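Visitor: Please take me through this entry one feature at a time. For each, I would like the general idea and then the case at hand.

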Amino acid sequence: MQLPPSVQQIADVIGADKALTMVRHLRQRCSGKTLYVYVPKPERLHANHALVDMLGYADAMALCEEFGGTHLYPSPCKYLQRAIRNRVILALRDTGLSADEVAQELAMSRKWVANVIDARDMVRRGDSIEVVARSVKISPLTLGYILDIDVEDVGPVTRRGEPRQASPQMPLGL
């Protein structure tokens, strides 16, 4: 799984799962704000520090040894949370539910559920990720997270052709 660089540097020290756990805790603590945490120098880490509460003493100490005396500003990784939620679509589909039943169960639109299911089916058939992304209108990176496959960051999904001209508006006469 590809992580943003700001989270990857943390994951390199304590592992991806614990880095994502830390981000989840920070999102709860810093709701609506930029995520940040102060990492003290190793000799100043105490048992009541926020890092120890989030990660445990050993992992907090590892971060202190690597980043001591600085603030870390990890990405909120909201796309990962959405990708995990979207994986539930595929899991429910695999239990035999129809796309309509999955949409109703998860309170999502039927169109989104169908797009996620279609994307997986297209990837399984061997279609390239760019083709799949264009046809279901989901970015390649998002598809990579949903389907748990490695993809190159090929940029956003681009429009096919020129956008339509706006239809002329009739003046309102009173």
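Visitor: Is Asp59 buried or exposed?

Guide: Burial is read from relative accessible area with a 1.4 Å probe and protein chains only: buried is under 20%, exposed is over 50%, and partly exposed is in between. Asp59 has a relative accessible area of 15%, so Asp59 is buried. This is a predicted model, in which local features need pLDDT of at least 70 and side-chain atom pairs count only at pLDDT 80 or more, while totals for chains, interfaces and linings use all residues. Residues are numbered from 1 along each chain as its sequence is written, and side-chain values use heavy atoms, with hydrogens and water left out.

Visitor: How confident is the prediction, and where is confidence lowest and highest?

Guide: The scale is pLDDT, the predictor's confidence in each residue, from 0 to 100. The mean for the protein is 84, with 90% of the residues at 70 or more. Helix α9 (residues 140-147) has the lowest confidence, a mean of 79, and helix α4 (residues 57-67) the highest, at 94. Helices (H or I, at least four residues) and strands (E, at least two) are DSSP runs, numbered from the N terminus.

Visitor: Which residue meets Asp59 in a salt bridge?

Guide: A salt bridge is a side-chain nitrogen of Lys or Arg within 4 Å of a carboxyl oxygen of Asp or Glu. The partner of Asp59 is Lys18, with 2.7 Å from N to O. Lys18 belongs to helix α2 and Asp59 to helix α4, so the bridge ties together parts that are 41 residues apart in sequence. Lys18, with a relative accessible area of 38%, is partly exposed, whereas Asp59 is buried.

Visitor: How many salt bridges are there in the whole structure?

Guide: The search finds 4. One of them joins Arg110 and Asp100, whose closest N and O atoms are 2.7 Å apart. Arg110 is in helix α7 (residues 110-125) and Asp100 in helix α6 (residues 99-106), so this pair ties together parts that are 10 residues apart in sequence. Both ends are partly exposed: Arg110 has 43% relative accessibility, and Asp100 has 45%. Another salt bridge pairs Asp127 with Arg125, at 3.3 Å from N to O. There, Asp127 is partly exposed at 28%, but Arg125 counts as exposed at 59%.

Visitor: What does Val7 touch, apart from its neighbours in sequence?

Guide: Contact means heavy atoms within 4.5 Å. Leaving aside residues within four places in sequence, Val7 contacts Ala19, Leu20, Val23, Pro74, Ser75 and Cys77. Val7 sits in helix α1 (residues 5-14) and is buried, with a relative accessible area of 0%.

Visitor: Which residues does Asn86 touch?

Guide: Not counting residues up to four places away in sequence, Asn86 touches Met108, Trp112, Val116 and Ile146. Asn86 is part of helix α5 and, at a relative accessible area of 3%, is buried.

Visitor: Which residues lie nearest the centre of the largest pocket?

Guide: On a 1 Å grid over the protein atoms alone, a pocket is an open set of points where a 1.4 Å probe fits, with protein on both sides within 12 Å along at least five of seven lines; lining residues have an atom within 4 Å of a point. Of the 11 lining residues here, Leu20, Arg24, Leu80, Gln81 and Ile84 lie nearest the centre. The elements giving two or more residues to that lining are α2 (16-29) and α5 (78-94), and α2 supplies the largest share, 6 residues.

Visitor: What phi does Ala107 have?

Guide: For Ala107 phi is near 55 degrees, a positive value in a residue other than glycine. Ala107 lies in the loop between α6 and α7 and is exposed, at 73% relative accessibility.

Visitor: Where does Gly32 lie?

Guide: Gly32 is in the loop between α2 and β1 (37-39). Gly32 is exposed, with a relative accessible area of 86%. The C-alpha atoms of Gly32 and Ile138 are separated by 26 Å, the two residues being 106 apart along the chain.
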